[in-house]
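Good morning, colleagues. Please bring up the sequence and the coordinates so that we can go through them together.

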Amino acid sequence: MKRLITHVPCTKCSFMKVVEYINANSKDLELVPVIFSVGKVNVSDAVWFLRSFKHHAEEGDLLIWLDTPLELDREVPDYKGKIYVSSQWNADMLRGHGVHVDGIIPKPVNDGVALKYVDMSKDVDFVMIGGNIRVKEMKWFRDSPYVYVDNGYVVYDRKGVKLYKVLPGKKVLVSDDSFADYSLYSLDEDEKYKLLARSRFYLALSHAEGFGIPPVEAMAVGTVPVFNECHAYRDWLVGVSVKCQGYEVVDTPVGKLRYWYYDEKDMVDAVKYALGMGREEYGDLREKVLSNVKRFYVSEVVKALGLS
């Protein structure tokens, strides 16, 4: 068993989930997570990592695997270790700041669990999973058009929850909003994949992603994404899509965010089209989705990283 010290920036976040998925689906590899120092493997936010660990830039034996929804707005050194990212736009941004990128590798799904639920019957039209930025300071409500107020919090809507609320169909939301059907991170892996498998479609409405695991997890059980062709979604998702119209860089409580936008009327039309899809058309699209998920299996991702 190969055991590697692995830096993650947080415990209750997608970066830690990546470590957990790799450990759960690997026989010969264990990633041992640490928070406050670098590891031989580093699974982290690109902006935070590159700005925080400059004193490790000359170490050539590090494997650094990054993604971020944020805009890198200052110069950072190039790191001599292997650097991978999870989207083309992240690669372009880093290279624009003089940081080399050795490859684009997706985050994995928990395929050992997902494969158990591929053939579940569907009783929900749409599911969506995702947490937004939540603060008590009302200045963010005054300064930004991309917010709503929920239970005393100003919510910076990077996930598209405002649009989710008005879309038609039988829907399930997993989020930190007070009106969500399930709280974020409240479902265990089996419960999560069962929920994803029960839905015909996954609503991928997010305006800011460095990767975005939930719609890929949905694909792993044959649930078809309805998505915008922005940020990392355009690299990895297969399903019903609407065109991306561009992005702007906006101030948020967690830093400068690259906020991508699309025509919400186009998304409403895409949702209505999905709801009206016949059995044969849906079946063909579902098969196309399933034929594209193997690249997200842990064994494939570990091999691409050179850790197998």
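D67 is buried, with a relative accessible area of 8%; buried means under 20% relative accessible area, exposed means over 50%, and partly exposed lies in between, with a 1.4 Å probe and protein chains only. This is a predicted model, in which local features need pLDDT of at least 70, side-chain atom pairs count only at pLDDT 80 or more, and totals for chains, interfaces and linings use all residues. Residues are numbered from 1 along each chain as its sequence is written, and side-chain values use heavy atoms, with hydrogens and water left out.

What does D67 form a salt bridge with? The partner is K107, and the closest N and O atoms are 2.8 Å apart. A salt bridge here is a side-chain nitrogen of Lys or Arg within 4 Å of a carboxyl oxygen of Asp or Glu. D67 lies in strand β4 and K107 in the loop between β6 (103-104) and α4 (111-114), so the pair ties together parts that are 40 residues apart in sequence. Helices (H or I, at least four residues) and strands (E, at least two) are DSSP runs, numbered from the N terminus. K107 also counts as buried, at 2% relative accessibility.

By this rule, the count comes to 20 salt bridges. One of them joins E189 to K17, with 3.6 Å between the closest N and O atoms. E189 belongs to helix α7 (residues 189-198) and K17 to helix α1 (residues 14-24), so this pair ties together parts that are 172 residues apart in sequence. E189 is buried, at a relative accessible area of 16%. Through shared partners, salt bridges join K17, E20, E189, K192 and E217 into one network.

Another salt bridge connects K40 with D61, whose closest N and O atoms are 2.2 Å apart. K40 is in the loop between β2 (29-34) and β3 (41-45), and D61 is in the loop between α2 (46-52) and β4 (63-67), 21 residues apart. K40 counts as partly exposed at 42% relative accessibility, and D61 counts as partly exposed at 46%.

I turn now to the sheets. Strands of a sheet pair through backbone hydrogen bonds, either parallel or antiparallel. Six strands form an open sheet with parallel pairing, in the order β12-β11-β7-β13-β14-β15; two strands pair if DSSP finds at least two bridges between them. At the edges stand β12 (182-183) and β15 (240-242), each with a single partner strand, so one side of each is left without a neighbour in the sheet.

Is strand β11 enclosed or open to its surroundings? Five of the five residues of β11 are buried, so this strand is largely enclosed by the rest of the structure. Both of its faces are covered: K171, L173 and S175 are buried on one side, and V172 and V174 on the other. Strand β11 (residues 171-175) pairs with β12 in the parallel sense over two bridges. Within that pairing, S183 is the bridge partner of S175, and V174 stands opposite Y182. β7 and β11 pair in the parallel sense over four bridges, and M128 has L173 in β11 as its bridge partner.

Two helices accompany this sheet. Helix α7 lies across β7 (124-129), β11, β12 and β13 (199-204), running at about 105° to β13. Helix α8 (residues 213-220) packs on the sheet and touches β7, β13 and β14 (224-228), its direction making about 160° with that of β13. Contact means heavy atoms within 4.5 Å. Axes are lines fitted to C-alpha atoms, for helices over the stretch in contact, and angles run from 0 to 180 degrees between N-to-C directions.

An open sheet of three strands has antiparallel pairing in the order β8-β10-β9. Its edge strands, β8 (133-135) and β9 (147-150), each pair on one side only, and the twist averages 30° from one strand to the next. β8 and strand β10 (residues 153-156) pair over three bridges in the antiparallel sense, with I133 opposite Y156 in β10.

Finally, I come to L257, which is found in strand β17 (residues 255-262). L257 is buried, at a relative accessible area of 1%. Leaving aside neighbours within four places in sequence, its contacts include P69, L70, Y156 and R158. The C-alpha atoms of L257 and E287, 30 residues apart along the chain, are separated by 35 Å. Thank you.
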